[in-house]
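This briefing covers backbone features, pockets and cavities. The structure is shown first, and the notes follow by topic.

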Amino acid sequence: MNKSRFFILVLLFAFSAATYAESKQIQLANRVIQSVSRKYAPDKRTAIFSVQISESAGKIVLKGKTDHPEAQKLLLDSLAILQINVQDSVLILPDKLLGDKTWGLVKLSVANLRIKPAHAEEMATQALMGTPVKILEEKDEWWLVQTPDLYIAWANHGAIIPKTAEEMTNWKKSNRYIYNQLNGFAYSEPDKKAMPVTDLVICDLFEVTGETKGYLQALLPDGRAAYVKKNECLSFEDWTMRPLQISSVMQVARQMMGVPYFWGGTSSKAVDCSGLTKTSYYSQGVVLARDASQQVRYGMHPDFSDYRNLQPGDLIFFGSSAQRVTHVGLCLGDGLFIHASGSSAMVRLNSLNPNDTLFDANLLKIVVGSSRIANSLNTEGITLVKDHPWYSLP
């Protein structure tokens, strides 16, 4: 064998060995990434850890983004222990390009939030006027935001007013009211014959600067002035400090009878199944998790095998298994429940009681869980607004 051929063979062997070693490193790094993701972002709806690994100019490069800096630190520390050298190009959210305005308030009566930054994309959820949000990232004319239930989705610029942390503190100190009717309006003058400034839905939140002729002088999140009938509103203190009354939760749910079903809806304009339960409890100052498959994880879990074990206000879950929840309803007592039904395209009543004329045998077959909220306030996934740091000062 001549020297040139021997040299080439040595180079090929060395290259193959190096490529194999690098490939093993990438495989190991991917396993570490998956492990960190399971720890910090088990639910992609409420946490971001989207990190990928690639090769570039002979280097192993980390790319992607996360809203958990501690997750990124754990990843880098773990890779260092394994002696895997990487180039870190992961974006930590909130993006520094946002400056100091990494908070915001919803300015519309109801804002539509989507799974991707485009109006044609699927609805993810809604947020009501005055809802505080974290702003994580900007893309074109959209912000990636997180709502108080930790849900993450994209909001159009026109729906959100960006705020600094100091401005949010001032907002928490302000004189705030919520709208306490299912639907209504704020007017340009203290007169219902005046021009509407905006429509309102239950739990829209705004500042109040004065009062005249039975109207509150409202200051909307974007600075618009308006007038709202005082007897249609509740002060923030009255809304948040009163004891939870399950009868009031059920009353609001019943008022929404016949409201259209709308995928992603969480307002009195239109709701999906978990949007109905969420809106009903939020009207009484309780923030629930967003989706049915999330709500089932939290609270106490009474025996659901017999409808007589369920109490008014309990959530009833439906699906193929406890791990595959697809629907939720609100128990009204004696097996009766109210739910936003996709098949019926509206909010309606059904029953788990075979003796009830509203009994639905098909729904009874797929009951897979229950949750009791009243005994679980301020536990994971069930937070009182008055104790939520995004709404209130410590």
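Ala345 sits in the loop between β23 and β24 (346-351). The model is predicted, and in it Ala345 has a positive phi of about 65 degrees although it is not a glycine.

**Backbone**

- Ala345 is partly exposed, at a relative accessible area of 44%.
- A positive phi, of about 55 degrees, also belongs to Asp334, which is not a glycine.
- Asp334 lies in the loop between β22 (325-333) and β23 (336-341).
- With a relative accessible area of 54%, Asp334 is exposed, because over 50% counts as exposed.
- Leu93 and Pro94 are joined by a cis peptide bond, with omega near 0 degrees.
- Pro94 belongs to the loop between β3 (87-92) and β4 (103-106).

**Largest pocket**

- The volume of the largest pocket is about 620 Å³.
- Its lining consists of 30 residues, and those nearest the centre of the largest pocket are Arg45, Ile115, Ala124, Tyr151 and Asp291.
- Two or more lining residues of the largest pocket come from each of β1 (49-56), β6 (123-128), β9 (152-156), α6 (273-282), α7 (292-295) and β22.
- The lining of the largest pocket divides by class into 16 nonpolar, six polar and eight charged residues.

**Second largest pocket**

- The second largest pocket has about 530 Å³ of volume.
- It is lined by 28 residues, of which Thr46, Gln146, Pro148, Asp149 and Leu150 are the closest to the centre of the second largest pocket.
- At least two lining residues of the second largest pocket are supplied by each of β7 (132-139), β20 (286-288) and β26 (382-384).
- In the lining of the second largest pocket, 14 residues are nonpolar, eight are polar and six are charged.

**Largest cavity**

- Rolling a probe the size of a water molecule over the atoms shows where empty space is left.
- Over the whole structure, the search finds two cavities of 30 Å³ or more.
- The largest cavity has a volume of about 210 Å³.
- Among the 16 residues of its lining, Gln126, Thr131, Asp149, Lys278 and Tyr282 are the closest to the centre of the largest cavity.
- The elements giving two or more residues to the lining of the largest cavity are β6, α6 and β20.
- β6 gives the most to that lining, with four residues.
- β6 and α6 are also among the elements that give two or more residues to the lining of the largest pocket, while β20 is one of those that supply at least two to the second largest pocket.
- By class, the lining of the largest cavity has eight nonpolar, six polar and two charged residues.

**Second largest cavity**

- The second largest cavity holds about 30 Å³ of space.
- The residues that line the second largest cavity are Leu288, Ala289, Gln295, Tyr298, Leu315, Ile373, Gly381 and Ile382.
- Six residues of the lining of the second largest cavity are nonpolar and two are polar, with no charged residues.

Key:
Residues are numbered from 1 along each chain as its sequence is written. This is a predicted model: local features need pLDDT of at least 70, side-chain atom pairs count only at pLDDT 80 or more; totals for chains, interfaces and linings use all residues. Side-chain values use heavy atoms; hydrogens and water are left out. Buried means under 20% relative accessible area, exposed over 50%, partly exposed in between (1.4 Å probe, protein chains only). On a 1 Å grid over the protein atoms alone, a cavity is a set of points where a 1.4 Å probe fits but cannot get out, and a pocket is an open set with protein on both sides within 12 Å along at least five of seven lines; lining residues have an atom within 4 Å of a point. Grid points are joined across faces, edges and corners, and a volume is the space filled by probe spheres set on the points. Ala, Val, Leu, Ile, Met, Phe, Trp, Tyr, Cys and Pro count as nonpolar, Asp, Glu, Lys and Arg as charged, and the others, Gly among them, as polar.
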